[in-house]
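Please look over the sequence and the model shown here before reading on.

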Amino acid sequence: MDGIKVLLLDIEGTTSSIKFVHDAMFPYVVSHVRSFLEKHWHEAECQEDVQELRKLAQQDKEEGVEGVVSIPDKADDEETVRDSVASNVLWQMSSDRKSTALKQLQGHMWREAFSQGILKGHVYDDVVPVLQWWRANGGAIYIYSSGSVEAQKLLYGHSVQGNLLELLNGHFDTHIGVKLEAESYKKIAASITCDPCEILFLTDIIKEARAARKAGMKTCVVVRPGNQPLTAQDAAEFSIIHSFDELRQPGHQLC
């Protein structure tokens, strides 16, 4: 860890279980999106979410995206529009899309669920002690996830281990750029005025690790239950850990 000043952390499959995201957070959206839209339809925030989804649907249509669900103009029948919005959300989720418009609405839905105690964010037991140790030794910690900044703050602010936001210096989502492009990591380094070589990015996704490394960052691939298995080539190419505790071990090699 010599020369590292900043930890940049992925969430899903890194600090938190993929199972929690896929078995709790996503199903909540699927089962509640229609009732959520009906409840909040006339609120300005909800209408902003709808407008962003409508713009994306129109863009998808123009680009010939297969299966896109269009969203009628807001002047059309309210129930019809609302139903099309819900259908669009479900279509995007079934296609495993990570659009900013989708993440924005999901984040607002999760805010309600977390604030009401319906959801509590999962964080692995080995994570918090290491983050506390890192901060106590003068290091900084940032989160970079495809989930919205608001959703990130909800997960860590309402976690099974309490409010962890005080351990974090900041958050990044797809507004800074997609996670598979090196330019996104360069922008993050610039925004926190830190040399990329002084940042360690931890993720479970090999393609993300490659993008971060291309940007000049140090990388470490995290292996957790339920994560995509690594190939022998992947394991040889990157530093691998199974627990954050390994970051405190003297002489841990980073790639």
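## Terms and basis

Contact, as used in this report, means heavy atoms within 4.5 Å. Helices (H or I, at least four residues) and strands (E, at least two) are DSSP runs, numbered from the N terminus. This is a predicted model, in which local features need pLDDT of at least 70 and side-chain atom pairs count only at pLDDT 80 or more, while totals for chains, interfaces and linings use all residues. Residues are numbered from 1 along each chain as its sequence is written, and side-chain values use heavy atoms, with hydrogens and water left out.

## The sheet

An open sheet is formed by 6 strands in the order β3-β2-β1-β4-β5-β6, and the pairing is parallel; two strands are said to pair if DSSP finds at least two bridges between them. Its edge strands are β3 (170–172) and β6, each of which pairs on one side only. Strands of a sheet pair through backbone hydrogen bonds, either parallel or antiparallel.

Strand β1 (residues 6–9) is joined by 4 bridges to the parallel strand β2 (residues 140–144), where Tyr142 is the bridge partner of Leu8. Another 4 bridges join β1 to β4, again in parallel, and here Leu8 stands opposite Phe201 in β4. Strand β4 (residues 199–203) is in turn joined to β5 by 4 bridges, the two running parallel, and Leu200 stands opposite Lys218 in β5. Lastly, β5 and strand β6 (residues 240–241) pair in the parallel sense over 2 bridges, with Val222 opposite Ile241 in β6.

## Covered strands

In a regular strand the side chains alternate between the two faces of the sheet. Strand β1 is covered on both faces, since Val6 and Leu8 on one side and Leu7 and Leu9 on the other are all buried; buried means under 20% relative accessible area, exposed over 50%, and partly exposed in between (1.4 Å probe, protein chains only). Strand β5 (residues 218–222) is mostly covered, with 4 of its 5 residues buried.

## Helices that connect the strands

In α8, the buried residues are Ile206, Glu208, Ala209, Ala211 and Ala212. What covers these buried residues of α8 includes α7, β4, β5 and α9. Just after α8, Gly216 takes a positive phi of about 105°.

## Aromatic rings

The structure holds 5 aromatic pairs, where rings of Phe, Tyr and Trp (its six-membered ring) pair if their centres lie within 6.5 Å, and planes under 30 degrees apart count as stacked, over 60 as edge-to-face and the rest as tilted. The rings of Trp133 and Trp134 have centres 5.9 Å apart and planes at 55°, so this pair is tilted. Trp133 is partly exposed, at a relative accessible area of 28%, whereas Trp134 counts as buried at 7% relative accessibility.

Elsewhere, ring pairs link Tyr144, Tyr185 and Phe201 into a cluster. The charged end of Lys179 sits over the ring of Tyr144, 5.4 Å from its centre, and Arg224 lies over the face of Tyr124, at 3.9 Å from the ring centre. A charge sits over a ring if NZ of Lys or CZ of Arg is within 6 Å of the ring centre and within 35 degrees of the ring normal.

## Two loop residues

Asn227 is found in the loop between β5 and α9 and counts as buried, at 10% relative accessibility. Leaving aside neighbours within four places in sequence, Asn227 is in contact with Gly13, Ile18, Asp204 and Val222.

His175 lies in the loop between β3 and α7 (182–191) and is exposed, with a relative accessible area of 62%. The C-alpha atoms of His175 and Thr100 are separated by 7.4 Å, although the two are 75 residues apart along the chain.
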